[in-house]
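This briefing goes through one structure in plain terms. Please keep the sequence and the 3D view open while reading.

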Protein chains: 2
Amino acid sequence: MIKPKKISGFNELLPEEELIQQYLLKIIKDEFNLNAFLPIETASVETNEVLQAKEGIETKEIYQLTKLSDNTDVKDFSLRFDLTLPLARYVSQNYGQLIFPFKRYQIQKVWRGERPAKGRFREFYQADIDIIGENTLSKTYDAEIVTIINNIFTKFNIGDFNIKVNNRKLQLGLFEELSIPSKEKVKSFSDAIENDIDISKYITDRRDEKTYKSFKLMKRDQIEQSFIELERGKVIKVLDDIDKLSKEKIKENLISLSVSEKDIDILMSFVSLSNNIDDIAAFSKNKTYQEGIFEIKEFINDLSMLGMNLSNLKLDTSIARGLGYYTGMIFETELTDIQEAGSICSGGRYDNLTKDYSKINLPGVGMSIGLSRLISIILDKKIIPLPPQRNADFLILTSLDKEKMINITKEIREMGIPCELSFFNNYKKEIKYALRKNYRFILLSERNSDSFILRDLYEEDRSISDKVMPKEFLLMLLSNQSL
Amino acid sequence: MIKPKKISGFNELLPEEELIQQYLLKIIKDEFNLNAFLPIETASVETNEVLQAKEGIETKEIYQLTKLSDNTDVKDFSLRFDLTLPLARYVSQNYGQLIFPFKRYQIQKVWRGERPAKGRFREFYQADIDIIGENTLSKTYDAEIVTIINNIFTKFNIGDFNIKVNNRKLQLGLFEELSIPSKEKVKSFSDAIENDIDISKYITDRRDEKTYKSFKLMKRDQIEQSFIELERGKVIKVLDDIDKLSKEKIKENLISLSVSEKDIDILMSFVSLSNNIDDIAAFSKNKTYQEGIFEIKEFINDLSMLGMNLSNLKLDTSIARGLGYYTGMIFETELTDIQEAGSICSGGRYDNLTKDYSKINLPGVGMSIGLSRLISIILDKKIIPLPPQRNADFLILTSLDKEKMINITKEIREMGIPCELSFFNNYKKEIKYALRKNYRFILLSERNSDSFILRDLYEEDRSISDKVMPKEFLLMLLSNQSL
């Protein structure tokens, strides 16, 4: 006999917990459908070549497949770690068969071989939407995405939340203005690449070595441009930790990227700005920065047009979003009362989804809800109380007249009302089962009669009606499904 | 730049194909919910120990996990190959927290490293329900499961289907009556085990060697009983191929299991019996056989009580179901017009779900729909025509008055009616997009007025109404969502 073991990081829910997950999934799906997003599902696996393209996670966190009978038979594909990379691959693969703007939703599990911790899993649900345009894409879609976030979290009804927004162009504008990275650094790096001089001092990330190798095939201006983008991405990654690390640690990390003390002070005052758009606008006259300001104003205007109540929206210059592909509006959502949970829904605008796979220019905007983490917070904090372990409000007892009770069940179900039939063949056992499952309503047969007895087990006297005729009962159900 | 490759056996659908899959999934889920099954999801992986327990598939078809960064870091878990084994493991692991009878549904993907072929995938959806009792479970649940199959396939509306049913006790009764395996074979095998004599001539299956090794720890009567069960399981597996192989090949396979010519003739006339219950009942007086007959009669009686139209039901003695754990009613479903597709939904009654993991006795009955195969048949044979690539009936054009059109969109969506907003900023482009997406209805602004123009692009004159006031339009929508 085998004693099954729990597999660390692969979380499973009890049925009553799964009912909460299904309830949230339904809200999410209904909202995605209402906004005319098309559903897609991608394969659980991607080729290793695709998974190892420029951006993503460390390969030690990716699960590769092999065979149980022969683990040297290693496959050239691995489990996906997010839904954005599969979308990019799917869109470039099916480009000719998709109509743009392509609005898609995708609710699937992803896998990451991280060290499991509270609220951090190796297998978890993501619920993503993205709108992909061909060459251009109206910025009003950014606002549409945020109204969807707002609607979903309002319908979840799990407490107040903030949608924090920022614009990547503000950061990039500052980098331009402050010359981050410095002209000297760009020049000496490019010289080093061109003349095959040791570049190990520029390596601060595991991927750098491989990336820098690819630079050797480029022309001087390409090398410079790519290095600038890479360095700025690193600064953004450091700034992204502003909620998690101390100010001292952030400064230290910026110094190690050779940002000057003066520039660090400017960056730190930027991320500390209030949420007043005029204050933020006044911080820099840089052209890219001011484009970001214009986009934020347009975005807020679009949100108003879309009828969104702006009280949940918070302009926040400290929002950075680690991923390099964002180019415009970026957003993060947090529960006001459970800020330690961090961002449970985030996204943003990007200039080109498929640049790793094709020459077509496909700008987009999207967001992702970290559903499994949200569920784990909801269960942990008991934000939604656990329902009873049943998936219906009605239990039909058959012990007193099996045929009569089974017949009425068919009619109830044909009305679309879920109910469970119980076959204990013993009245006492059936009542015990109804109580154990915390059933609200039980329907039983009145002996030697056509009528039924309907009881409300949540009420003291436990009786709604001692005698209901089948037709009466069905009409009652129709007029008010939960009575 | 990377050119993404298709991964063989990991099928992906286009959005319009996925809409068909979502339509079928909704029918399935609604029916499961209506019958008060509780949803569960299990982890994608099981420990290798659990996956290699007695019954299942070959280990060469199981995908084990390793790490992309280091493929010698092989995990002790692998992807699941069905949903029954995970259910058994889940139920024995959570036994104390579940209320029995436990009715669960589970719609998830499973993985098998088979050679891909038309309609055979390496990743595919299964939609399973099972009802698990504690010590006992009313047989009326068998009928409830079959009414659910009947309802689902009726609602699919993809043509006529047959639910073919049989009872495992008929086969087992015949084996008893005919002494399959023969007393001599049982005796000589048990002698060989006890005296450590070469048993290679009894090996006809890859797993036998390992299984027989475990017999060495057993007492004589246990050895005999286990060997009898194993041999009968092999005969059932041979009979299960009766639709796929020639009669000659079946006979040959039975001979290799040392079934006598006389007994083969009897088995072959059994599987050729008509679907008349009296003819079947008259075939053998064996007690187990007659118990099977009684169960079939009771089952049909229960189906009538549950109000099922029996015209889709077909008694069929050739139904064997390969898996050894079935002990009572067994069922298979096939599409009448596409018999080459084989069984797309099957299941049955079993005496004990968790015998590999615990001493608790948990009888059950269940069924599984092979959804991915069904979708592939439906798409291949165009049984359900492909819908347009859109997830709404309404397109709202904004080029003529963005603010007004966005405002009405909010109201339409608040009524629960899906619609898409288009932002081409150019009337001609918007119309082109509407036609390309094959939109039925477009709503646009009438210039310098509060009213709207609603057009039906499927009608010749293309105009439902040249002037609709917002309120009128919303009322129209409410009274008939698809107009």
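The model is predicted. Chain A has 483 residues, and its secondary structure comprises 16 helices and 16 strands.

**Interface between chains B and A**

- On each side the contact involves 106 residues: 106 of chain B touch 106 of chain A.
- Ten salt bridges are counted between chain B and chain A.
- B:Lys5 and A:Glu49 form a salt bridge, and their closest N and O atoms lie 3.9 Å apart.
- Helix α1 of chain B (residues 15-34) provides the largest share of the side of chain B that touches chain A, with eight residues.
- By residue type, that side of chain B splits into 48 nonpolar, 30 polar and 28 charged residues.
- Strand pairing also crosses between the chains: strand β3 of chain A (residues 63-67) pairs with strand β3 of chain B (residues 63-67) in the antiparallel sense, over five bridges.
- Within this pairing, A:Leu65 has B:Leu65 in β3(B) as its bridge partner.

**Chain A as a whole**

- The C-alpha trace of chain A spans about 100 × 60 × 45 Å along its principal axes.
- Of the residues of chain A, 57% count as buried.
- Among contacts in chain A between residues at least 6 apart in sequence, 67% link residues at least 24 apart.

**The eight-stranded sheet of chain A**

- Eight strands of chain A form an open sheet with mixed pairing, in the order β1-β5-β6-β11-β10-β9-β7-β8.
- The edges are β1 (38-39) and β8 (313-315) of chain A, each of which pairs on one side only.
- β1(A) pairs with strand β5 of chain A (residues 102-111) in the parallel sense, over two bridges.
- A:Pro39 stands opposite A:Tyr105 in β5(A).

**Strand β10 of chain B**

- Strand β10 of chain B (residues 345-350) is mostly covered, and six of its six residues are buried.
- In a regular strand, side chains alternate between the two faces of the sheet.
- In β10(B) both faces are covered: B:Cys345, B:Gly347 and B:Arg349 are buried on one side, as are B:Ser346, B:Gly348 and B:Tyr350 on the other.
- β10(B) pairs with strand β9 of chain B (residues 326-335) in the antiparallel sense, over five bridges.
- B:Cys345 in β10(B) has B:Thr333 standing opposite.
- β10(B) also pairs with strand β11 of chain B (residues 364-369), in the antiparallel sense and over six bridges.
- The bridge partner of B:Ser346 in β11(B) is B:Ser368.

- A:Ile396 sits in strand β12 of chain A (residues 394-397).
- A:Ile396 counts as buried because its relative accessibility is 0%, and buried means under 20%.
- Leaving aside residues up to four places away in sequence, A:Ile396 touches A:Met405, A:Thr409, A:Ile412, A:Cys419, A:Glu420, A:Leu421, A:Ser422 and A:Leu443.
- A:Ile396 and A:Gln22 are 374 residues apart along the chain, and their C-alpha atoms are separated by 24 Å.

Methods. Residues numbered from 1 in each chain as written. Chains lettered and ligands numbered in written order. Predicted model: local features only at pLDDT ≥ 70, side-chain atom pairs only at ≥ 80, totals over all residues. Heavy atoms only, no water. Contact = heavy atoms within 4.5 Å. Salt bridge = Lys/Arg side-chain N within 4 Å of Asp/Glu carboxyl O. Helix = DSSP H or I, 4+ residues; strand = E, 2+ residues; numbered from the N terminus. Nonpolar A, V, L, I, M, F, W, Y, C, P; charged D, E, K, R; others polar. Pairing = 2+ DSSP bridges. Buried < 20%, exposed > 50% of the residue type's maximum accessible area, 1.4 Å probe, protein only.
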